[in-house]
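Colleague: Before I use this model in my own work, I would like to go through a few of its labels with you and hear what each one rests on.

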Amino acid sequence: MITVKVKNTSSNPLPTYQTIGASGMDLFAAHDVTLELGRPVIVYTGLHIELPQGYEAQIRPRSGLSTNGVYVAFGTVDADYRGEIGVIMTYLRLSENPRFQIVKGQRIAQLVIAPVIQCQWVETSELTPTTRNHNGFGSTGL
């Protein structure tokens, strides 16, 4: 387990793991926000974090909002970022209501802390062949 410094500028609780086996912690909306159909909005959380070097925080959707037509863009918070964490959200459900209301304190996304491995590129004119090679989308069946 690692320790992460956090500054909370909202009255929401800090993110916590809801179960012993959870990999993500819930993020909460810091303000009321209305999502208009098809228009991305950044919903802020009031959280500023200081990750140790070699780690990132991944922003992921919550399944409960996804089933209501709310899309959460995957995001990355780098170890050297100190600004407020925001979640990019878009309402996509075609229904009688062209808006979706996010209320302050609502769980809007998950935050997963993960190690980062950086790479060094080595340019080459040939790659090692495999059985699959260049066969892509759907190449292993549906």
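Colleague: What makes S2 and S11 a pair of strands?

Modeller: In this predicted model, S2 and S11 are joined by four bridges in the antiparallel sense, and since a pair needs at least two bridges, they count as paired. Within this pairing, Leu 27 stands opposite Ala 109 in S11.

Colleague: Why are S2 and S8 called edge strands of their sheet?

Modeller: The sheet is an open one of four strands, in the order S2-S11-S6-S8 and with antiparallel pairing. S2 and strand S8, residues 75–77, each have a single partner strand, so one side of each is left without a neighbour in the sheet. As for the angle between neighbouring strands of this sheet, they are turned by 35 degrees against each other on average, with direction ignored.

Colleague: How many aromatic pairs does the structure hold, and why is the pair of Tyr 91 and Phe 100 called tilted?

Modeller: There is one aromatic pair in the structure. The ring centres of Tyr 91 and Phe 100 lie 5.6 Å apart, which meets the requirement of centres within 6.5 Å. Their planes stand at 35 degrees, and because planes under 30 degrees apart count as stacked and those over 60 as edge-to-face, the rest being tilted, this pair is a tilted one. Both Tyr 91 and Phe 100 are buried, a word that stands for under 20% relative accessible area.

Colleague: What makes the space lined by Asn 8, Leu 27 and Leu 47, among others, a cavity?

Modeller: A cavity is a set of points where a 1.4 Å probe fits but cannot get out, and the count comes to one such cavity of 30 Å³ or more. The largest cavity has a volume of about 40 Å³. Its lining includes Asp 26, Leu 27 and Phe 28, and strand S2, residues 25–28, gives the most to that lining, with three residues. By class, the lining of the largest cavity divides into five nonpolar, four polar and one charged.

Colleague: What is the make-up of the lining of the largest pocket, by class?

Modeller: The largest pocket has a volume of about 430 Å³, and of its 15 lining residues, Ile 2, Val 4, Tyr 17, Met 25 and Ile 113 lie nearest its centre. The lining of this pocket has 13 nonpolar and two polar residues, with no charged ones, while strand S5 (47–50) and strand S11 (107–115) each supply at least two residues to it.

Technical notes
Residues are numbered from 1 along each chain as its sequence is written. This is a predicted model: local features need pLDDT of at least 70, side-chain atom pairs count only at pLDDT 80 or more; totals for chains, interfaces and linings use all residues. Side-chain values use heavy atoms; hydrogens and water are left out. Rings of Phe, Tyr and Trp (its six-membered ring) pair if their centres lie within 6.5 Å; planes under 30 degrees apart count as stacked, over 60 as edge-to-face and the rest as tilted. Buried means under 20% relative accessible area, exposed over 50%, partly exposed in between (1.4 Å probe, protein chains only). On a 1 Å grid over the protein atoms alone, a cavity is a set of points where a 1.4 Å probe fits but cannot get out, and a pocket is an open set with protein on both sides within 12 Å along at least five of seven lines; lining residues have an atom within 4 Å of a point. Grid points are joined across faces, edges and corners, and a volume is the space filled by probe spheres set on the points. Ala, Val, Leu, Ile, Met, Phe, Trp, Tyr, Cys and Pro count as nonpolar, Asp, Glu, Lys and Arg as charged, and the others, Gly among them, as polar. Axes are lines fitted to C-alpha atoms, for helices over the stretch in contact, and angles run from 0 to 180 degrees between N-to-C directions.
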